[in-house]
Amino acid sequence: MRVQVVEHPLIAHKLSVLRDESTPASVFRQMVHDLTLLVGIEATRALELDEKTVVTPVATMSGHVVASPTPIAVPILRAGLGMLAGFLELVPTADSGFLGLKRNEKTLVPEVYAKRLPTATAGRHIFLLDPMLATGGSLIASVEIALAEGATDVTCVCLVSSPQGVAAVTAACEGKPVSLFVAVIDEKLNDAGYILPGLGDAGDRMFGVA
């Protein structure tokens, strides 16, 4: 399984704004959008292309378009919603779906409470969007759902991650057509399962405390 930390001066700058506890929700949402674009450019580098004849004002040439069937962007609710617009701005031909998972407080196993995917998922490339990769449980469950739905490739796009989460996803997805792109791998998880230094709860900071 491929794991890549996408490095760029603008990523470093925007991550610092994202982390700052004084950053208002409107700016936080914009930073999530911008970081999705920056990480997404690398995450989509392996997209397949089809040839297309293009007529310019002065000549005819052979150009390229994103191959069909087009990819599917799937944000993991609710924080992943903040990444969807940025990804669709980058890949406007993509379809989209939604996955909602929550942890069972007794078993600590992620449970699906919402699943809305395009009818035709077999043979397609699914991009899972989640700004935070903490323990990895929800992302691993989402990968399993995507593969069970027939995806040929699954690319996970995250912003802030923990080493424990990256290790868990890598171990669970070894030998599978899965890749992981992140903006940064932080120091660790604390006892409550929050990433340190992290940025707090991404969903709450984007949409208000639930």
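What follows is a short chat about a predicted model and its strands, cysteines and one histidine.

Reader: Before we start, what are the ground rules for this predicted model?

Author: In this predicted model, local features need pLDDT of at least 70 and side-chain atom pairs count only at pLDDT 80 or more, while totals for chains, interfaces and linings use all residues. Residues are numbered from 1 along each chain as its sequence is written, and side-chain values use heavy atoms, with hydrogens and water left out.

Reader: Ok. How many helices and strands in the protein chain?

Author: Six helices and 15 strands. Both are DSSP runs numbered from the N terminus: helices are H or I with at least four residues, strands are E with at least two.

Reader: And how does the radius of gyration sit against a compact globule?

Author: It agrees: the protein chain has 17 Å, and a compact globule of 210 residues would be near 17 Å. That radius is taken over C-alpha atoms, and the globule rule is 2.2 Å times the number of residues to the power 0.38. Along the principal axes, the C-alpha atoms fill a box of roughly 60 × 35 × 30 Å.

Reader: What share of the residues is buried?

Author: 44% of the 210. Buried is under 20% relative accessible area, exposed is over 50%, and partly exposed lies in between, with a 1.4 Å probe and protein chains only.

Reader: Let's do strands. Which ones does S4 pair with in the parallel sense?

Author: S4 (residues 72-77) pairs with S5 (residues 95-96) over two bridges, with S8 over four, and with S6 (residues 98-103) over two. Pairing needs at least two DSSP bridges between the strands. Ile72 is opposite Asp95 in S5, Ala73 is opposite Phe127 in S8, and Ile76 is opposite Leu99 in S6.

Reader: Is S4 mostly covered or mostly open?

Author: Mostly covered, with five of its six residues buried.

Reader: What do S4, helix H3 and S5 make together?

Author: A right-handed β-α-β unit, with H3 spanning residues 81-90. Right-handed here says that, with the strands pointing away from the viewer, the path from the first strand over the helix to the second runs clockwise.

Reader: Now S10. Why call it largely enclosed?

Author: Because four of its five residues (153-157) are buried. Five bridges join S10 to S8 (residues 125-129), and the two run parallel. S10 is also parallel to S12 (residues 178-182), over four bridges. Cys156 has Leu128 as a bridge partner and stands opposite Leu180 in S12.

Reader: Are Cys158 and Cys173 buried or exposed?

Author: Cys158 is buried at 0% relative accessible area, and Cys173 is buried at 1%.

Reader: Last one: what does His125 touch?

Author: Not counting residues up to four places away in sequence, His125 touches Leu47, Pro71, Ile72, Thr152, Asp153, Val154 and Thr155. Contact is heavy atoms within 4.5 Å. His125 is in S8 and counts as buried at 16% relative accessibility.
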